[in-house]
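Colleague: I'd like to learn how to read a model like this one, feature by feature. Could you walk me through it?

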Amino acid sequence: MTQEHATQELLITPLHALHVEVGAKMVPFAGYDMPVQYALGVKKEHLHTREAAGLFDVSHMGQLRLHGEGAAAALETLVPVDVVDLAEGKQRYAFFTNEQGGILDDLMVANLGDHLFVVVNAACKDQDINHLQAHLPSGVELEIIDDRALLALQGPKAAEVLARLQPAVADMLFMDIQQVQIDGIDCIVSRSGYTGEDGYEISAPADQAEALARTLTAFEEVEWIGLGARDSLRLECGLCLYGHDLDETTTPVEASLLWAIQPVRRTGGAREGGFPGADIILSQIATKDVSRKRVGLVGQTKAPVREGTELFDADGAKIGLVTSGTAGPTAGIPVSMAYVRADLAAIGTEVFAEVRGKMLPMLVEKMPFVPQRYYRG
């Protein structure tokens with residue numbers, strides 16, 4: 001198969017031609033032809049986002065709307081988080097669970113007043129749509145949005161840049177969301193992102209996305225950032241990647257995601273349980289009885305420890321597996337995420353990663369590895 005033929009079979013985002021024009025290196029990702037890096041290169045893109053502002057094309061993500069008076073209550077039957085009490089103009093992290101308590105996908109859900117706005121992962125988009133359609137009651141309508149792009153403007157200068165085009169965004173706090181015009185374009189803007197930095201995610205009409213992207217990247221502070229730096233940025237800030245750090249065999253308790261399950265959905269809460277796998281998940285919360293836990297690891301050598309690397313204790317017994325790993329451009333040390341035996345998950349525990357036949361020492365470390373800088377006012 002030729003490269004040209006392979007590319008033709010991939011889906012493209014509304015910004016594909018622009019990525020090619022500016023010299024992006026394109027790779028297949030979640031069924032799309034996506035930019036993995038630009039001329040700056042992954043490390044410089046990573047550092048630029050931490051220091052100024054980076055623009056990411058995340059239009060491959062799935063955008064959905066749920067309409068109907070019972071939409072929030074219906075969605076709550078599929079996720080262990082509080083959707084019913086989510087205030088208008090606010091967004092929340094959530095995840096679909098299965099009957100075994102495993103995670104089918106993680107997602108963002110927002111209350112836009114007359115409907116819920118939901119963003120799901122690209123690789124799970126079709127599965128999530130089928131899951132919703134199979135379980136939503138007749139009074140709730142699922143609308144699949146296929147005419148909008150999604151951009152993320154991330155970094156300490158993101159707010160200053162976007163406020164030049166729409167001053168109202170400067171007043172937003174982390175996880176606020178609103179429908180506003182950006183440079184005359186009707187957008188859905190949330191103050192959130194996947195880098196640990198302050199910033200925004202911007203849903204814009206597909207046919208106006210290129211104009212918006214050109215306007216944003218014309219600012220001196222803004223550079224295009226590819227999937228490579230997106231991955232290292234999210235890992236440094238302790239954020240999970242579905243299909244790597246989370247999957248359908250992993251429960252939220254094993255994944256150290258208890259912060260995302262509000263008290264109202266837990267045992268004793270006003271709307272406890274009622275989601276797939278509730279008995280298993282609530283039991284694990286109560287007993288803390290799990291065999292493995294997601295932890296952060298920092299390398300004691302300079303060698304990055306990548307996904308798939310096996311972990312051992314001091315006696316040579318296998319105790320876990322690395323699910324994400326990078327050199328840590330901002331942290332300055334190799335950082336990884338892994339699942340380890342629960343009794344070895346305490347901060348400061350030494351484990352050993354087998355890399356090319358060598359046992360490299362690593363320490364269990366609290367995440368995030370670099371401070372999150374979300375704007376909370």
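Modeller: Gladly, and keep in mind that this is a predicted model. Let's begin with Arg65, which is found in strand 4 (residues 62–67).

Colleague: Is Arg65 buried or exposed?

Modeller: Arg65 has a relative accessibility of 15%, so it counts as buried, the cut-off being under 20%. Its side chain makes a polar contact with the side chain of His115, at 3.5 Å. Leaving out residues up to four places away in sequence, Arg65 also touches Leu116, Glu141, Leu142, Glu143, Ile145, Arg148 and Ile188, along with His115 itself.

Colleague: Now to charged pairs. How many salt bridges does the structure hold?

Modeller: The general idea is that side chains of opposite charge can pair when their charged atoms come close. In this structure there are 20 salt bridges. Take Glu236 and Arg50: their closest N and O atoms are 3.0 Å apart. This pair links distant parts of the chain, with Glu236 in helix 8 (residues 227–236) and Arg50 in helix 3 (residues 42–51), 186 residues apart. Glu236 is buried, and Arg50 is buried too.

Colleague: What else is buried in helix 3, and what covers it?

Modeller: Besides Arg50, the buried residues there are Glu45, His46, His48 and Thr49. The cover over the buried residues of helix 3 includes strand 2 (32–37), strand 3 (53–57), strand 9 (148–154), strand 13 (222–224) and helix 8.

Colleague: Which residue forms a salt bridge with Lys90?

Modeller: That is Asp176, and the closest N and O atoms of the two are 2.5 Å apart. Here, too, distant parts of the chain are linked: Asp176 sits in the loop between helix 6 (158–165) and strand 10 (177–182), while Lys90 sits in the loop between helix 4 (71–76) and strand 5 (91–97), 86 residues apart. Asp176 counts as buried at 14% relative accessibility, whereas Lys90 is partly exposed at 31%.

Colleague: And where do Arg373 and Glu197 lie?

Modeller: Their side chains meet in a salt bridge at 2.8 Å, N to O. Arg373 lies in the segment after strand 19 (358–365) and Glu197 in the loop between strand 11 (185–190) and strand 12 (199–205), so this pair ties together parts that are 176 residues apart in sequence. Arg373 is partly exposed, at 41% relative accessibility, while Glu197 is buried with 2%. Salt bridges can also share partners: Glu76, Asp82, Asp85, Arg92, Arg265 and Arg271 are joined that way into one network.

Colleague: What about a charged residue that is buried yet has no salt bridge?

Modeller: Asp313 is such a case: it is buried, and the nearest side chain of opposite charge, Arg341, is 4.2 Å away. Asp313 lies in the loop between strand 15 (310–312) and strand 16 (318–326). Its side chain reaches the backbone nitrogen of Asp315 at 2.9 Å, and the backbone nitrogen of Ala317 also lies 2.9 Å from a polar atom of the Asp313 side chain. Beyond its neighbours within four places in sequence, Asp313 is in contact with Ile319, Arg341, Leu344 and Phe352.

Colleague: Let's turn to strands. How should I read strand 6?

Modeller: In a regular strand the side chains alternate between the two faces of the sheet. Strand 6 (residues 103–111) is mostly covered, as nine of its nine residues are buried. Strand 5 and strand 6 run antiparallel and are joined by seven bridges, with Tyr93 standing opposite Met108. They form a hairpin with five residues between them, and Gly101 in the turn has a positive phi of about 85 degrees.

Colleague: Which strand pairs with strand 6 over five bridges?

Modeller: Strand 7 (residues 115–120), again in the antiparallel sense. Asn111 stands opposite Leu116 in that pairing. This hairpin has three residues between the strands, and Gly113 takes a positive phi near 90 degrees.

Colleague: Finally, how many disulfides are there?

Modeller: A disulfide is a covalent bond between the sulfur atoms of two cysteines. A search of the whole structure finds zero. For Cys237, the closest cysteine sulfur is in Cys240, 12 Å away, which is too far for a bond. Cys237 is buried, with a relative accessible area of 1%, and Cys187 counts as buried at 3%.

Conventions: Residues numbered from 1 in each chain as written. Predicted model: local features only at pLDDT ≥ 70, side-chain atom pairs only at ≥ 80, totals over all residues. Heavy atoms only, no water. Salt bridge = Lys/Arg side-chain N within 4 Å of Asp/Glu carboxyl O. Helix = DSSP H or I, 4+ residues; strand = E, 2+ residues; numbered from the N terminus. Buried < 20%, exposed > 50% of the residue type's maximum accessible area, 1.4 Å probe, protein only. Pairing = 2+ DSSP bridges. Disulfide = S-S within 2.5 Å. Lys, Arg positive; Asp, Glu negative; His and termini not counted. Polar contact = N/O pair within 3.5 Å; in protein donor to acceptor, adjacent residues only side chain to side chain. Contact = heavy atoms within 4.5 Å.
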